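Work through the exercises below with the coordinates open. Each task is followed by a stepwise solution.

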Amino acid sequence: MLENRTFGARRLLDECKLDALLICNLPNIRYLTGFSGTDGVVVVTAQAVCFLCDSRYTTQARDQVVADQIREYKVKLDGVLDLLREINARRVGFEADVLPYAVWETLRDKGGDIFWEPLSRQLRGLRGRKDAAELECLEQAAQFNVEALDTVLPMIRPGVRECDIALELEFALRRLGGEDRAFDFIVASGERGALPHGVASDKLLQAGELVTVDFGTRYGGYHSDETVTFALGEVSARLREIYEVVLEAQQRAMTAIRPGVSLRQVDAQARQCIAARGFGDYFGHGLGHGLGLEVHEYPTASPRSEDLAEEGMVFSVEPGIYIEGLGGVRIEDTVVVTANGCRKITRIPKEFKVLSL
Ligand code: ZN
Ligand code: ZN
């Protein structure tokens, strides 16, 4: 199953004329080999994929790792350099965005005449297109969101603290089989809704407010990320209007998604829709981010994005309007790009919903 995953890495060897690729980033290691532990290294060459770890992980690696070879080291970088010398690697690519400078210095100082090629953009697409097994995990994580919210919905009412809602959601997700929370949950009610990253506080919910809940979990290492905004009883016409504008912007953006389209263009669809209704100054962040083994990964949908949609890419579509002193709305779904459009992975309905008091 994982064989196809080294294809992109091996193509890089070719394109960048490298003898080996040194992979230290855990999500990349998991993607390439299935290893879910928290320390290890992978070396990819044209002939073989080699996984290296210390003795704490050898048993786990034998159980989990799909690779041609599993080796144990005592000192990580010595183990890596021994292997690279054995295979006579002269040009080695590394993950320039994540390899600590001090580690690179050691490699350079001890590596003799090995030439170290920093790779950044070239690695971004490595995990860009999700395969069927990855989509299954993403869908299961999204299903946990549906069921957890169903459990917690009755307690989303006036007089309850934001942080208690966040905590109950976390419990519910874990009970269902979620591996962890995907990030610090946002529960932002009333005026706090104007904070795009308003992590749950001890504020009490009040009637007549909107409450924005941004939450998710992990399954098989893959994340869910979804935002709902509810009305606590009747809300002002202005808040209701904002909701409808954000929902329309989200739908417009989703309609624009198909293979080949620029994600800057998808972002612009939502942004123009919000601007046309007079709220252009109140949508400050990008439209969305890739999602997979990391909760924020390639690609990006924003006014500065240079990424193009490809079939199998998974990213969030999350426009919002945030008005200081009034409140805010964000609506977020995760989508996968299909052959001729996109399909939602997250499942909670996003129509305007008034919770009874
Ligand atoms: Zn989110
Ligand atoms: Zn998100």
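Buried means under 20% relative accessible area, and exposed means over 50%. The model is predicted.

**Exercise 1. Is lysine 350 buried or exposed, and which side chains does lysine 350 pair with?**

Step 1. Lysine 350 has 4% relative accessibility. The limit for buried is under 20%, so lysine 350 counts as buried.

Step 2. Glutamate 226 forms a salt bridge with lysine 350, with the closest N and O atoms 2.7 Å apart. Aspartate 333 also meets lysine 350 in a salt bridge, at 2.7 Å from N to O.

Step 3. Lysine 350 is in the loop between S18 and S19, while aspartate 333 is in strand S17 (residues 333-337), 17 residues apart. Glutamate 226 lies in strand S11 (residues 226-232), so its pair with lysine 350 ties together parts that are 124 residues apart in sequence.

Step 4. Check the partners' burial. Glutamate 226 is buried, as is lysine 350. Aspartate 333 is buried too, with a relative accessible area of 0%.

**Exercise 2. Classify the salt bridge between arginine 343 and glutamate 139 by accessibility and by sequence separation.**

Step 1. The side chains meet at 2.8 Å, N to O.

Step 2. Arginine 343 sits in strand S18 (residues 342-344) and glutamate 139 in helix H7, 204 residues apart.

Step 3. Arginine 343 has 34% relative accessibility and counts as partly exposed. Glutamate 139 is partly exposed as well, at 25%.

Step 4. The whole structure holds 32 salt bridges.

**Exercise 3. What type of aromatic pair do phenylalanine 185 and phenylalanine 215 form?**

Step 1. The ring centres are 6.2 Å apart. Pairing requires centres within 6.5 Å.

Step 2. The planes stand at 75°, so the pair is edge-to-face. The cut-off for that class is over 60 degrees.

Step 3. Phenylalanine 185 lies in the loop between helix H8 (162-176) and strand S7 (186-189), and phenylalanine 215 in strand S8 (residues 210-215). They are 30 residues apart.

Step 4. Phenylalanine 185 is buried at 4%. Phenylalanine 215 is buried at 0%.

**Exercise 4. Where is arginine 127, and what does arginine 127 touch?**

Step 1. Arginine 127 is in the loop between helix H6 (121-124) and helix H7 (132-152).

Step 2. Its relative accessible area is 8%, so arginine 127 is buried.

Step 3. Leaving aside neighbours within four places in sequence, its contacts include Asn25, Tyr31, Leu293 and Glu297.

Step 4. A polar contact of 2.7 Å joins the side chains of arginine 127 and glutamate 297.

Key: Residues are numbered from 1 along each chain as its sequence is written. Chains are lettered from A and ligands numbered from 1 in the order in which they are written. This is a predicted model: local features need pLDDT of at least 70, side-chain atom pairs count only at pLDDT 80 or more; totals for chains, interfaces and linings use all residues. Side-chain values use heavy atoms; hydrogens and water are left out. Rings of Phe, Tyr and Trp (its six-membered ring) pair if their centres lie within 6.5 Å; planes under 30 degrees apart count as stacked, over 60 as edge-to-face and the rest as tilted. Helices (H or I, at least four residues) and strands (E, at least two) are DSSP runs, numbered from the N terminus. Buried means under 20% relative accessible area, exposed over 50%, partly exposed in between (1.4 Å probe, protein chains only). A polar contact is a pair of N or O atoms within 3.5 Å; within protein, one must be able to donate a hydrogen and the other to accept it, and residues adjacent in sequence count only if both atoms are side-chain atoms. Contact means heavy atoms within 4.5 Å. A salt bridge is a side-chain nitrogen of Lys or Arg within 4 Å of a carboxyl oxygen of Asp or Glu.
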